[in-house]
Structure formats: structure tokens, C-alpha cells
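Please consider the sequence and the structure shown here.

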There are 2 protein chains.
Amino acid sequence: METRELRYFVAVAEEQHVGRAADRLGMAQPPLSRAIAQLERRLGAELFVRTPRGMALTTAGETLLREGRVALAAVEAAERRTRRTVESADRPSIVLTAKAGASSELMAKLLDAYAAEPDAVAVDVLLSAPGHQAPMLRDGRADVAILHQPFDDLSGFDTEALSVEDQVLILPAGHPATARHSMSVAEARSIPDLPLPRWPHLDGSYPDGPGPELRDLTQVLQLVRLGRTALVLPESAQANLRDGLAVVHLTDAPPVTTVIAWPPHSTSTGVAGLVRTAGRL
Amino acid sequence: METRELRYFVAVAEEQHVGRAADRLGMAQPPLSRAIAQLERRLGAELFVRTPRGMALTTAGETLLREGRVALAAVEAAERRTRRTVESADRPSIVLTAKAGASSELMAKLLDAYAAEPDAVAVDVLLSAPGHQAPMLRDGRADVAILHQPFDDLSGFDTEALSVEDQVLILPAGHPATARHSMSVAEARSIPDLPLPRWPHLDGSYPDGPGPELRDLTQVLQLVRLGRTALVLPESAQANLRDGLAVVHLTDAPPVTTVIAWPPHSTSTGVAGLVRTAGRL
DNA sequence: CTGCCGCCATACCTGTCCGGTATCGGCCTC
DNA sequence: GAGGCCGATACCGGACAGGTATGGCGGCAG
């Protein structure tokens, strides 16, 4: 199986529509149809059922989508890491990716401590939306990542835990619910006039629901102050809060573990040094 | 990058010789030369230095070999698992791989216990040479594996430990060293008339050294009885020993952890059931 | 020092197959 | 029942993979 075929398949599987997938791939529809049919013949597997509305994945197709995505990421990682080996041959550097906005305190401490190491190399920090860090590590855009259990998928990485913290509910100051010292997540969800915001999926789309679409944390905090929404955050985020907000402890929210993660078999001394430094914090 | 290019590159990197690699790939030498040159151009990286003896990997080449192997295994896994999804659609089954010869007691217990489960599926057992289990899990030839720390590379798998045991030295009965109750690995290595056997690499070749080449465990045990070699084994292997052998405890050999491992994101209920059963043993 | 050998690169040709346009056939909708 | 949407088929041209023949270059033996 060639990566080209795999890319075609993933596009069709994601769009559930040959025409749109062809569009996305920058090619015409017929060759894509043919490529999919040929892939099915070669694999001896029906990957899609053709419906009047488009293409729906079969069980075999779901398997190929799941496994194919990690395979494609691995190929991309091989390519990118090879390129970077050349680019950074003279000036070694590593790419660290982390969630934009959060854990800035931890990051600052880590970067400072690492920069003081004798064999430190340059660290390029790549901040991005929540949930994008693990994919970046998987496809080679990053060399190390700060990830968060249980939100990120850590499978396939070597990791080292850095901290564990509980989550709290952020409310508008003066809201009746602030009278409570603690509550359950179910209770927090069902406060009638404060729907929790919706986080974007990896593709940028949002789930259905009443809450506001969360794009920028400070803007959402402003919405909280205005009494339009509430927010569940790790405790450490409290440090950055300004006036107009109240905090209620959550009894049954899962604790958040912050970890540093890197691809196995990494030979980078920079990555090793950064991990060692992180472990000493 | 296409998987074809990657396969070509890996062949050349392993053979360090374009002609032999072309041979292995069943093609002529010139197109392979050209494909490698083209790959280097597209990656913007010198992958090999051309020597009068053949091709030697550069640093970038080593990166691509390491990462490319796991990428190729992932692509193969995607293909194989998709095929198996179809084949075993009517009669679900899973492939369990384990080291031939060892842990037979554990395996028997596990398979018996699992077969007694209400939702058990058929288990095809795939016995193979030591060290081959992890690759089989990586490229989709197996769905679950019994692996051994620290010998197998567990990276990228989900695992659950089943047992931990120390290693012991197996000697010919009556050998002077049997007077000792325990010794270090270094001492065991330096018993003058008993060189330890050599284990094969993954490709079937053997490291240099004085000891006999280990192919079949029972044959090597015969060699031990004849006073020609000694052997380091996990304790549990003692159960299968016959007469003519003596056991000395090793003080500093690393303990061997037997684990059950499976690929992350596995959706197989059979794998889940087997893992659950193993955890209860 | 020279000729030969081993190894990779280049030149050139051929066939395959990828991708494009045009069009068909089925199904749902209005 | 007509039109629209969607995937499949037919057919064509060009790019490129792979084959054979040969060149270039360094090492080594005589």
C-alpha cells in the first residue's frame, strides 16, 4: 500500500464524499473513485458502502482509517525529522509544543532551568490549540510536548509526569452557586443560567450545545464575569484570574496530570536534557 | 514520501550496497540508484556517503532508517489489520505471539482461563524466535504478545505486567562453580571453560565470540550437560530442567518482567478479554 | 604504472499507470 | 416524471518507474 493511496482513502473517509475529497486533494473525482476501488480490490476488503448520499465506512474501513492515520503520521514524522536533521546540523535545536495560554508558569520555570544547563540547545516553543500537541509529536512537527492526562492521547510516547492537580469551577462573582464550597461536575453542568462553553474538535468544528464557543481563554473569562457562562479549569489557572470571578471546588472532576512526552527512540541530546531538567523541577 | 521509496531506502541502508539491495528488491540496480538520488533531492538531505565499497549512512540517513522502519511497520499493520477485519468477520479470532519454548506454563494457564470466558474468541498462537514478538505486534502480524522486560522494546504498546522473576545461571552438574550459591553476571561470564552462548540478532546473524550459537534451547541444554557452555535463564525455566544440570543464583542480573502487550486503540473485544483474563491470573 | 575489477551514476527506451475530460446509471426529491 | 446529486465507467495523454547499455572513478594487483 502506498502513502498516496492511504491519503486518498483518509480524505474520502473523512469527507464521506468522493467529490469533496477530490476537491480537497486538488484532483478530479473519477481518478479518486478509481483509486479507492483499486485499493479495495487489492486489500480484498469493502472499505465503504455506497449510499445515495455519499460513502459510509464499513468495519474494515474504520480499521483502515484508525490504523492508516497513525501510519501516515509516522511517515510524515520520518520525513520531517530527516529534514530537520540536516537543517539543524550546525545549530542544534529542538521544538517544544504546549497548549497556548495554560501552564505558562511551569513552562517558564522549565525553559529557564534548561537554558542554564551546560549542554542546552535552542528550544523553539510551538504554542497551539488544546489537543494539537500530541498529533504534532506524532507527525514530527515537534520533538517534545507538554501534555495533559486524561485529555491527550499519550499512547506511543515515552512520558514523565510533572504535576497532578484538581480541577475547579470558575463562576461569576456573586452568582448564587458561589455559596457552595464544592459541587459535582454534574451539578456544575446543570446550573440553569450558566451553560459550560464548548471546546473545539481537532478539525476546528464545535459540538452542538447551548454554551458559547470557546476560542480564546481570556475572552471566555470575560464572558464568565458577565454572568454568561462558567468554566472548568485546573487549579493552577487560578493564579492568572482577575477580579469578578469566584472559584468552587469540584468533588468528582478527574485530576489533571501534566506530563512531558517525547517519541521513543529519540536520539536527540537536547530532548534528553530537557526531560532530565523537567524531572528535577 | 511514498512507501515504495521508503522500502528502497531501507533496503539500501541495510545492505549498504545498491547492487545487493536491488537484488533483494527484485529489480535492476540503475532505477534503484536513481530512486535513492531522487529521494535525497526531494528531502534535501544527503542520506548516504558514496564510498568505493558501497553506501554508508549519514546522520540524516540514520534518522530516516530509524523512523522509516517504524513508519513502514505502521503501514503494514494498517494493511494487515484491515485484511484481517474482513477475514475474521464471521469467525472472530485473535493472534497471540510468544517466545517459543519459554513461559509455556503461563501460556497454558492463560489460554485455559481465557477459553473458559463466556465471550472468548479463537486464539491463534504464533510461536517464534526470541525478540520477534514486538515487531510482529508492530506490523500487524499479531494482535497481542507476551513480551519480556528488559529484552523487548515495549515502546508504542499498551502493557500490563504479569510476573517478575530473577534470572539464574544453569551449569553442568558437578562443575566446580556449582559450589557457589550465588555469583555476579560478570563472574558467570568469566568462567574460563564455559563461554556463554550467543543469541541471534533479529536478522538471524550472530555476534562474534567464543560461545556456541544458540538456536534451540533443548540442544543448548544438552551442551550444558556436556560441560561445553552455561546459560542464563529466568527462574521459571528451572521447572523444565532435567538431570545433569545445576543452578546458581545470580546477584546482579536484572529481573525479567513478563508482560502482555497490545497495540493502543485496539478495538478488538477478543484482545480486551484476553488482557482482562491475564490480569486476573 | 597500468589494466582490471567493483560500484555507482548516466543515458536512453518502453510500458504502465496516474490523472484529466466526457459521459453514463442509479437514487432521491420536488 | 424531470432534474439534480453522486459515484462509476470509458477513453486519452503524459509522467514516471523500471529495464538495458554504458560511462566514470577509485582501489588493487601484477
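**Arrangement of the two copies**

The copies meet through the same surface, because 100% of the interface residues of chain B are also interface residues in chain A. The model is predicted: local features need pLDDT of at least 70 and side-chain atom pairs count only at pLDDT 80 or more, while totals for chains, interfaces and linings use all residues. Residues are numbered from 1 along each chain as its sequence is written, chains are lettered from A and ligands numbered from 1 in the order in which they are written, and side-chain values use heavy atoms, with hydrogens and water left out.

**Chain A as a whole**

Chain A contains nine helices and 11 strands; these are DSSP runs numbered from the N terminus, with helices (H or I) of at least four residues and strands (E) of at least two. Its C-alpha trace spans about 65 × 55 × 30 Å along the principal axes. Of the 281 residues in chain A, 46% are buried, where buried means under 20% relative accessible area, exposed over 50% and partly exposed in between (1.4 Å probe, protein chains only). Contacts are defined by heavy atoms within 4.5 Å. Among those in chain A between residues at least 6 apart in sequence, 65% join residues at least 24 apart.

**The aromatic pairs**

Over all chains, the structure holds two aromatic pairs. In one of them, Phe9(A) and Phe48(A) are tilted, at 5.4 Å centre to centre and 45° between the planes. Rings of Phe, Tyr and Trp (its six-membered ring) pair if their centres lie within 6.5 Å; planes under 30 degrees apart count as stacked, over 60 as edge-to-face and the rest as tilted. This pair links distant parts of the chain, with Phe9(A) in helix α1 (residues 3-15) and Phe48(A) in strand β1 (residues 48-51), 39 residues apart. Why does Phe9(A) count as buried? Its relative accessibility is 0%. Phe48(A) counts as buried because its relative accessibility is 1%.

Phe9(B) and Phe48(B) form a tilted aromatic pair, with 5.4 Å centre to centre and 45° between the planes. Phe9(B) lies in helix α1 (residues 3-15) of chain B and Phe48(B) in strand β1 (residues 48-51) of chain B, so the pair ties together parts that are 39 residues apart in sequence. Both Phe9(B) and Phe48(B) are buried.
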